[in-house]
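Here is a walk through one protein chain, taken piece by piece. Keep the structure in view as you read.

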Amino acid sequence: MIWAFGQCLQAFRTCSPVLCIKATPLCGKYQGMLLTAVAFDVNDFSIPVACAIVEGETKESWPWFLQNLERAVVHPSDVCLIHDYKSELIDAMEDLLNSCQRKWRKAESRWCMEDLAENFSAYFGDKELVMTFKKLCQQKRRHKFGKMWKELDELTSKYMLEKEQSATGEMQLESVEHEVAGVEAENPCNQPDSVQDVKEGEQADDNNRKITNFSDWIDLKPREKWSGV
């Protein structure tokens, strides 16, 4: 089921041509997912342009929602869709943008910085670094943006170095404790597996590339999806 109120559709024509696409799990008696397309007016008040209730985020539900959204929403300018980077949504977005039957004159897609910040937090795990990253995303002046980028590189480099040194110290201490207790002799397979897991988690990402700072981390993300330049 999908719906869009006429007042919201009309209001969107006077807003910036940006729609935030998001899915939220439903709680309570009725389960499923709430898919939304939200715009913001000049006062930064949210406008629910379109909503839909589906069973889940699937390769069928997202294309269906985006196609109906395109039919309902009219804007005189090009439309930018901001979304997270779940595989089903990304595939549906690419199909929409590459479609020959697209109704929007021109459409672009960008990743949501809040979602990217969650991914940043999951990797670096430091609240102060996450706040610095969010400030970087909100910075509109180029020279300040570059200065904050450099600062974030330095902070994340220091964080990763301290993390690596801490892990190395823990590994050495664990090795000594095992030697004293005789655990290594009793369970010869435990220690090598543990050491290998720690090294892989510290030094490599999914592409087997060592991450030493923020620039290394963000460089693995498609630049056209997170860059506003």
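Ala72 sits in helix α2. Helices here are DSSP runs of H or I with at least four residues, strands are DSSP runs of E with at least two, and both are numbered from the N terminus. Ala72 counts as partly exposed, at 33% relative accessibility. Now look for Phe5. Ala72 and Phe5 are 67 residues apart in sequence, and their C-alpha atoms are 9.9 Å apart in space.

This is a predicted model, where local features need pLDDT of at least 70 and side-chain atom pairs count only at pLDDT 80 or more, while totals for chains, interfaces and linings use all residues. Residues are numbered from 1 along each chain as its sequence is written, and side-chain values use heavy atoms, with hydrogens and water left out.

Step back to the whole chain. The protein chain has 10 helices and six strands. Of its 229 residues, 33% count as buried. Contacts (heavy atoms within 4.5 Å) tell another part of the story. Among contacts between residues at least 6 apart in sequence, 60% join residues at least 24 apart.

Next, the strands. Start with β3, residues 33-40. Six of the eight residues of β3 are buried. Which strands pair with β3? Two strands pair if DSSP finds at least two bridges between them. Strand β2, residues 18-25, pairs with β3 in the antiparallel sense over six bridges. In that pairing, Pro25 stands opposite Met33. Strand β4, residues 46-54, also runs antiparallel to β3, and eight bridges join the two. Here Thr36 has Cys51 of β4 as its bridge partner. The hairpin of β3 and β4 has five residues between the strands. In this hairpin, Asp44 takes a positive phi near 65°.

Move on to β5 and β6. These strands pair in the parallel sense over five bridges. Leu81 stands opposite Ser109 in β6. Strand β6 covers residues 107-111 and has two faces. Ala107, Ser109 and Trp111 form the covered face, while Glu108 and Arg110 form the uncovered one. There is a general rule behind such a pattern. In a regular strand, side chains alternate between the two faces of the sheet.

The side chains of Glu108 and Arg110 meet in a salt bridge, 3.8 Å from N to O. A salt bridge is a side-chain nitrogen of Lys or Arg within 4 Å of a carboxyl oxygen of Asp or Glu. Glu108 is partly exposed at 33% relative accessibility. Arg110 is partly exposed too, with a relative accessible area of 26%.

How many salt bridges does the structure hold? There are three. One of them joins Lys86 to Glu57, with the closest N and O atoms 2.8 Å apart. This pair links distant parts of the chain, 29 residues apart. Lys86 is in the loop between β5 (79-83) and α3 (87-97), and Glu57 is in the loop between β4 and α2 (61-72). Are the two partners buried or partly exposed? Lys86 is partly exposed, with a relative accessible area of 38%. Glu57 counts as buried, at 18%.

Another salt bridge joins the side chains of Glu114 and Lys134, at 3.6 Å from N to O. Glu114 lies in helix α4 (residues 113-124) and Lys134 in helix α5, 20 residues apart. Glu114 is partly exposed at 44% relative accessible area, and Lys134 is partly exposed at 28%.

Finish with helix α5, residues 127-138. Helix α5 has 12 residues and reaches 17 Å from its first C-alpha to its last. That is close to the expected 16 Å, where the expected span is 1.5 Å times one less than the number of residues. Which residues of α5 are buried? They are Leu129, Val130, Thr132, Phe133 and Leu136. These residues lie on the same side of α5 because they cover an arc of only 160° around the axis. The arc is that of the directions from the helix axis to the C-beta atoms. On the other side of α5, Lys127, Glu128, Lys135 and Gln138 are exposed.

Conventions. Buried means under 20% relative accessible area, exposed over 50%, partly exposed in between (1.4 Å probe, protein chains only).
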